[in-house]
Amino acid sequence: MNRRIHIFVLAVLLTLPVVTSAQEAVGALAQRLLGNDSRHFVFTKVAAESDTFFIAPAADGKSILIGGNNDISMAVGLNYYFRKYAKVHVSWFDTEPLQLPKHWPVPPQAEGGRAVVPQRFFLNYCTYGYTMVWWKWPQWERFIDWMALNGINMPLALTGQEAVWQEVWREMGMTDDEIRAYFSGPAHLPWHRMANLDGFGGPLPQSWIDGQKELQKQILERERVLGMTPVLPAFAGHVPSRITELNPQADIKRLSPWCGFEPTCFLNSTAPLFVDIQRRYLAKQQSLYGTDHIYGVDPFNEMDPPSWEPDYLAAVSANIYRTLQQSDPEARWLQMSWVFYYKRKQWTPERLRAYLTAVPQDSLVLLDYFCEKTEVWRNTLNEQPNEQANNPNIRTSDNPKTGFYGQPFIWCYLGNFGGNTMLVGDLYALENKLKAALAESNKNLIGLGSTLEGFDCSPQTYEYLFASVWGLSVNDFVDQWADMRYGKENKDVRQAWHLLADSVYKDWSFYGLGTQMVARPDFEGHGTYYTKPYYSYNNERLLEAVRLLMNNPSKRYGYEYDIVNFLSQWMGNRFMDLRNAFTEAYKAGDTAAMLQAYMAAERLMSDADKLLCSKVEFCFSKWVYDARQWGGDDIELRDYYGNQAHTLLTVWGGPVLNDYANRLWGGLLKTYYWGERWKPFFEGALQARREGNDFDEEAFKHNLSEREQDYARRVSNNMPYKILPQTVQQARIILKRIDQGVYNP
């Protein structure tokens, strides 16, 4: 993006600006964000063979001209101007206020960028549980604007599908009570939609189904106005067990159980009933929501199919696509390749080839889901086609050295599991991986995207990913990001962010990543499979970055967010030192040292909780409050949604996934991680040693499970939505206590 773009200026000269719906759409976006200040911007549409934007001085010499070949490109141009010249950051959360400059600087000359790929994908089934489940239109409106500003043109659009399925299952003989009992509760709908579980946390309230239907209409209307191509769902084979009873002749089998839940039912795609259900669903969905002719279909997510025979797998994919095309001749199929990574031992080259090549070339688009860890497309680069395949549905690739056997794919950065709050995301490694993929993908890489499970506390990684599409380097991005967070250029703040990029953000996310604070108590290790308190950097480097920021005060919201984010992470990391000191003292029978470590841990937890509660994005009460609002004036419904909010972030609900969605959040830290877990653990071990006994860990863990379940069942009437003020003042208190050794083991 540092290249001078005379070609863009030439495009302006050769293309007469015209007022179109594109300018009206991006102008409306600017008006929503800037209010009267939107008058400083002039938008113009230009002709270009690929997505292109430019910014330049307007003809009056006072305004900013922003051009692009479509709405999204112009929105990217607006965001480019925000980042480089105005130092304005538009967050994906509506809770972060937009802080505008007093004067809008005019860029000295024309500059811009061109997208290296046509498709930019965003979201994951799981994001609809771990982040967006309680959103209403204000949150969605800001988020859709954020997507446009970051160039995203292919969002996953899963809201409101239960209203469609309700109509389908009604027509097929199920009662509303049966249907709502088949659906899971709101927080667990992503995993119901992926066929992992049925009915957990249900029955789903009818008011939720109806409210989500209206919300989806608003979402899709806005996304389409801005020129996005929403990916709507289609039928993948998951059916209620009641359909088996109503259609005993149908070829329906139980899939392998997922994470301890009861197995769900899968209808073979070769069955006539599959064709009927697909037709019904797509017709009703189009009637309610329209279509953009691309559908997300994901059979067998994290589960074994009824058969691993290549011929069977080929028949499944061929028939899924055939049923899509019968209902929509323009249909394309989008599938996440997560299953090919997650079950990589089972998805052998022969099976994967059979499944992928049974669909016509370019009709199936793969989301390579976790490319920062494993690029699945590379695993198929050197696989030769199976010339001996007897199934006529199996097509051999014209180019056996092309990833995914020639099917187009989108390179995706996953970045986060469960909404965990850990500092991860190596920008420099990401930059290198992206460059290599673009250079080596043999032209069937058609897009970049992110498949994050939850919005996390490192938004810069995702914004860099999408900025890189237009040519921005990591070094330039870090400078611009630091300026946006602070409100102006400051060498110390830039130094802090480069220190973070060079020394702290060096790891990728993985399942259950979290600090020892949010792990189940144990003398050693981390108590259970989740949580894993891993970090590879020197914790003092993180503290150094915090001090650089604190020495340069700012009233910017983003600056204060960063203080909370980084300092609480340091505190979470320090907690492990205190736990280890407590353990050593316990082994030595030194009750005085045990008490000292315990008191330091309690002070650390309390101070971290206050700091986290000073920013709404780190506040558990906001999560619970938003959930309860869906109940309106119905106290029983409000309690139901509050229980859902508690459950997902604590015990999750399944026998295997306890703690998967752990969060270092204020309120949750004080009441759950300390109050229900670490405090009883420390006190129990200390009391045992004072009495000359060993601590009964097994009894503690048994009682702990009961306390966790009890906490998850609570309805949170005692947790009002309240944000504590004075972020910087609280941070100063903490830094003073660090200097005084208050948190030392």
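**Glu524 and Lys587**

I started with Glu524 and Lys587, whose side chains meet in a salt bridge at 2.5 Å, N to O. This is a predicted model, so I am reading a prediction throughout. Where do the two partners sit? I found Glu524 in the loop between H19 and helix H20 (539-550), and Lys587 in helix H21 (residues 557-588). The pair therefore ties together parts that are 63 residues apart in sequence.

**Glu560 and Lys615**

Glu560 pairs with Lys615, and their closest N and O atoms are 2.8 Å apart. Glu560 is in helix H21, while Lys615 is in the loop between helix H22 (591-612) and helix H23 (620-629), so this pair ties together parts 55 residues apart in sequence. Buried or exposed? I checked both ends. Glu560 has a relative accessible area of 18%, so I put it down as buried, the cut-off being under 20%. Lys615 is buried too, with a relative accessible area of 5%.

**Arg494 and Asp483**

Then I looked at Arg494, which forms a salt bridge with Asp483; the closest N and O atoms lie 2.7 Å apart. Here the partners are eleven residues apart, with Arg494 in helix H19 (residues 491-504) and Asp483 in helix H18 (residues 474-486). I noted both Arg494 and Asp483 as buried.

**Salt bridges overall**

How many salt bridges are there by this rule? I get a count of 48. I also wrote down a network of salt bridges that links Glu167, Glu171, Asp276, Arg279, Arg280 and Lys284.

**Thr264**

Thr264 is in the loop between strand E9 (252-254) and strand E10 (265-267). Its relative accessibility is 1%, so Thr264 counts as buried. What does the side chain of Thr264 reach? I traced it to the backbone oxygen of Ala195, at 2.6 Å. Then I listed the contacts of Thr264, leaving aside neighbours within four places in sequence. Ala195 turns up there again, along with Asn196, Leu197 and Asp198. The list also has His238, Lys253, Arg254, Leu255 and Met303. Of these, I noted that Lys253 and Arg254 fall within the residue range of strand E9.

Conventions. Residues numbered from 1 in each chain as written. Predicted model: local features only at pLDDT ≥ 70, side-chain atom pairs only at ≥ 80, totals over all residues. Heavy atoms only, no water. Helix = DSSP H or I, 4+ residues; strand = E, 2+ residues; numbered from the N terminus. Buried < 20%, exposed > 50% of the residue type's maximum accessible area, 1.4 Å probe, protein only. Polar contact = N/O pair within 3.5 Å; in protein donor to acceptor, adjacent residues only side chain to side chain. Contact = heavy atoms within 4.5 Å. Salt bridge = Lys/Arg side-chain N within 4 Å of Asp/Glu carboxyl O.
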